[in-house]
Amino acid sequence: MVQLLVKEESKHWINVATSLSTELAATAVERDNKAGLPDIEIQRLRETGLLPLVVPKEYGGIGATWAEALKIVQELSKADGSIGQLYGNHLNLTALAHVSGTPQQKERYYRETAQKNLFWANAINTRDTRLKITAEGENFRVHGIKSFGTGVAIADFRVFAAIQDNVELPLVFIIPENRAGVASNQDWDNIGQRRTDSDTFTFYDVLVKTDEILGYPHPPDGAFSTFLGIIAQLTKTYVYLGIAEGALATAKQYTVTQTKPWITSGVDSATQDPYILNHYGNLWAELQAAISLADKAATQVQQAWDKEVNLTFKERGEAAVSVFAAKAFATRVGLNLTTGIFEVMGTRSTGSKYGFDRYWRDLRTFTLHDPIDYKLRDIGNWVLNEQLPIITQYS
């Protein structure tokens, strides 16, 4: 009976995501052209009840597994890569205190997210060291600049990483949206993911309370404390897959209704053109393979997550290799698909009114988040030398 209830709940939330995805797809081209703050998208996420998806039921949340949650990220990404990225980041961040915080922080942030229907965003990016944090009595002050604040301007909880003088590891902290002294520089103007509003933020002597710093002064250690970085990599993979699925579905609709067969094809319909059929066969098969590889990785990730503090570094590393393989393959397949669709649609499909180029622009922008070359190197090092990936923010 319990398993049936879980399946029914999972089906319900997939249906909610599918409905929202269909709704957002109708305005995706318009919103992409407009860029700017994703206010409409985040409000709709609130209204649909999807924000506390991975918050455990004992804290008032929906209690979805990562395997279930990532399929919802994929579904939303079909309509709009920006909302897929924003929602995926949000899910990861709602669980941040679970792995990196104290037991009190874990309970506090889970409960507040569920009870108040809160949206999370971040600018962690540890490679950007311009944001500085200094002690002031029992609390801290932060000043400087932080880049890639994806969705931060509209978030209820904002997560940042800042550097202390003469300390190698950054401090990660969470502040509410009304904390004084944080200003968006409104400088996100990239070719893709245009509705993520990934601005640079300037901090003017911002107060950070001690209990807002995750795990301070003794952060958790062990493999589980670093595992959310692996989940974040897989989350990005499902955004890529969703974008690619959306591109293929849109191309199919256009081909069926608009594309004309070539003059020497000998057929009356583009859907009977042998070369168009061959292209669709290849694109579909490659995408199914990429999805299957990601789903396999998601199962492994969920098994690792369930071990919590008992997770070993070997298990963490093996899950990482599985995720890296899925991410690298999804990148390759997605970029090929989002350019290949034009070959099966024809010249007129490049019209600006259709906005078909946004799929490639979104995927090309987001897949540059961290280099796939280093993921493939890590996989090769594991295959040949049985060396697990070095633990970083990105691995």
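Tutor: In this predicted model, helix H5 (residues 81-94) and helix H8 (residues 228-257) pack with their axes 9 Å apart, at an angle of about 160°. Axes are lines fitted to C-alpha atoms, for helices over the stretch in contact, and angles run from 0 to 180 degrees between N-to-C directions. Helices are DSSP runs (H or I, at least four residues), numbered from the N terminus. The angle makes H5 roughly antiparallel to H8, a term for angles over 145 degrees. Their crossing is right-handed, that is, the near helix is turned clockwise from the far one by less than a right angle. From H5, the residues Gly-81, Gly-84, Gln-85, Gly-88 and Asn-92 take part in the contact, and from H8, Leu-228, Ile-231, Ala-232, Thr-235, Val-239 and Ile-243; contact means heavy atoms within 4.5 Å. By class, these are five nonpolar, six polar and no charged residues. Ala, Val, Leu, Ile, Met, Phe, Trp, Tyr, Cys and Pro count as nonpolar, Asp, Glu, Lys and Arg as charged, and the others, Gly among them, as polar.

The other pairing is that of helix H10 (residues 313-345) with helix H12 (residues 372-385), whose axes come within 9 Å and cross at roughly 135°. The crossing of H10 and H12 is left-handed. Their contact has eight nonpolar, one polar and four charged residues.

Residues are numbered from 1 along each chain as its sequence is written. Local features need pLDDT of at least 70, side-chain atom pairs count only at pLDDT 80 or more, totals for chains, interfaces and linings use all residues, and side-chain values use heavy atoms, with hydrogens and water left out.

Notes:
Helix = DSSP H or I, 4+ residues; strand = E, 2+ residues; numbered from the N terminus. Parallel < 35°, antiparallel > 145°, perpendicular 65-115°, else oblique.
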